[in-house]
Amino acid sequence: MSQRLKLEVKALNAAEGQDLVILVSDRLALPSAAENAAGRSAQALLARAAAAERYKGKAYAGLTLPAPEAASYERLIVVGIGDADKIDELDFVKLGGAIAGRLGAGRTADIILALPTGPIAAEHGAELALGLKLRSYAFDRYKTKSKDKDEAGPIAVTLRSDDPAGLKKALKAADAVAAGVVLARDLVNEPPNVLYPEEFADRAAKLKKLDVEIEILDEKDLKKIGMRALLGVGQGSRRESRVAIMRWNGAGKDEQPVAFVGKGVTFDTGGISLKPGAGMEDMKGDMAGAACVVGLMHALAARKAKVNAIGVIGLVENMPDGNAQRPGDIVTSLSGQTIEIINTDAEGRLVLADVLWYTQERFKPRFMINLATLTGAILVALAQENAGLFTNSDELAHRLTAAGLATGETVWRMPLGKAYDKMIDSKFADMKNSAGRYAGSITAAQFLQRHVNDTPWAHLDIAGTGMGAKDSEINRSWGPGWGVRLLDRLVADHYES
Ligand code: MN
Ligand code: ZN
């Protein structure tokens with residue numbers, strides 16, 4: 001949202017900013033490419049300061065020093081890379097984040113893109129820039145005091161590269177991904193009085209400017225189609241429900257699309273099965289799955305990915321008014337199967353049931369991946385370290401796991417099976433929407449699977465990873481925009497023609 005960072009690319013030979021940023025290994029040697037810009041006495045200064053501060057050049061650890069006398073810059077900022085032989089692509093993203101964490105508002109800085117082992121290749125420079133951008137993000141739209149605004153003042157950064165042309169090219173894709181993550185973060189952070197289903201659909205519709213085709217289904221359309229499970233969740237709210245469909249056509253007309261489906265409960269009170277009051281404000285994040293899908297579609301379109309991709313998001317508000325759905329109600333989902341509502345707070349699966357069925361029937365995708373802040377039980381199992389992965393496809397499991405390790409947005413595969421499926425059989429209908437506490441994230445996944453045919457499908461339970469994020473090198477935002485980088489990477493690695 002707020003553009004706190006201005007990036008420029010220039011050649012490696014000099015530096016002009018107030019801060020000079022240099023990467024050092026655990027041997028504390030300045031890269032030879034940095035010697036010119038840093039000046040002769042910089043190495044000795046670093047050695048003295050490092051000894052005094054017990055600074056060891058560990059990965060992402062930094063040290064900020066006053067510049068040596070007669071230097072053209074004011075501060076020397078060193079950031080550690082640890083063992084120079086072990087650095088990988090994710091390290092570059094995190095290094096960018098660590099650097100951004102040391103830069104000050106309203107200042108100018110040069111970053112020397114070199115390691116002790118030599119210059120940093122353009123693609124790695126772009127990864128570092130991605131980290132810079134992600135860490136520089138702050139959601140301050142609703143801060144009106146000037147102190148807060150000053151803290152968000154722009155930082156002008158010049159990336160010093162031995163291949164400026166190559167880096168500029170590589171930055172285009174990185175910028176597209178960064179913009180997608182930022183969009184997802186904004187959506188998750190927005191308050192629920194501002195971001196309700198209709199407004200969410202309008203925000204998704206803004207992807208038109210990137211040549212994404214948009215279709216918005218309103219309640220009249222949804223009734224006609226027969227999405228009664230989804231509509232049942234929204235019926236207790238004054239806000240109308242919506243389904244938004246986004247299509248990016250980056251490959252040939254006949255190429256089968258890939259599909260991404262998101263849970264977009266813009267606020268979840270639990271409905272008649274009302275949640276406890278404490279912490280309920282966090283339920284504005286119950287649309288993080290849908291936010292990820294919108295951010296991903298933005299990233300794919302902005303970098304002109306050579307893929308046909310569909311994004312479908314189910315947007316509802318789960319409220320407990322006089323028209324609200326009751327425990328005991330039975331609804332008929334789009335698939336024709338009936339569902340007994342046991343707990344109105346198990347609403348995400350009802351929304352997804354209809355949207356998944358609709359997506360596979362209409363678009364016949366190569367695969368379908370849904371993201372949802374679906375269960376507290378996934379936090380019990382995995383904390384915030386991994387998203388829960390449930391899938392009917394070993395191939396998707398392998399590919400998602402690898403993309404997770406590459407991006408740091410990791411997933412952990414959880415089981416599906418007949419015994420768990422049986423737990424959602426209902427006395428009165430084809431299935432029930434809640435089977436109680438035990439294996440809660442698995443029975444939720446089984447419920448979704450009952451609305452998937454033989455389409456390769458994966459469900460990512462992001463209740464832990466999608467909101468309330470812990471601070472990391474690349475994120476200080478409550479809504480981390482989790483999943484955009486993971487899925488962009490999955491597409492880039494396997495599905496572009
Ligand atoms: Mn709920
Ligand atoms: Zn929910």
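The charged end of Arg239 sits over the ring of Tyr196, at 3.7 Å from the ring centre; a charge counts as over a ring if NZ of Lys or CZ of Arg is within 6 Å of the ring centre and within 35 degrees of the ring normal. Lys284 places its charged end over the ring of Trp478, 5.4 Å from the centre.

A word on the basis: this is a predicted model, where local features need pLDDT of at least 70, side-chain atom pairs count only at pLDDT 80 or more, and totals for chains, interfaces and linings use all residues. Side-chain values use heavy atoms, leaving out hydrogens and water, and residues are numbered from 1 along each chain as its sequence is written.

Now to the aromatic pairs. Rings of Phe, Tyr and Trp (its six-membered ring) pair if their centres lie within 6.5 Å; planes under 30 degrees apart are stacked, over 60 edge-to-face, and the rest tilted. The count comes to three aromatic pairs, including these two:

| Pair | Centre distance | Plane angle | Class |
|---|---|---|---|
| Phe260 and Phe367 | 5.6 Å | 80° | edge-to-face |
| Phe367 and Tyr495 | 4.8 Å | 65° | edge-to-face |

Phe367 lies in the loop between α11 and β15 and Tyr495 in the segment after α16 (484-494), so their pair ties together parts 128 residues apart in sequence. Helices (H or I, at least four residues) and strands (E, at least two) are DSSP runs, numbered from the N terminus. Phe260 belongs to strand β11 (residues 258-268), 107 residues from Phe367.

Ring pairs join Phe260, Phe367 and Tyr495 into a cluster. Are its members buried or exposed? Phe260 is buried at 0% relative accessibility, Phe367 is buried at 1%, and Tyr495 is buried at 5%; buried means under 20% relative accessible area, exposed over 50%, and partly exposed in between (1.4 Å probe, protein chains only).

Methods:
Chains lettered and ligands numbered in written order.
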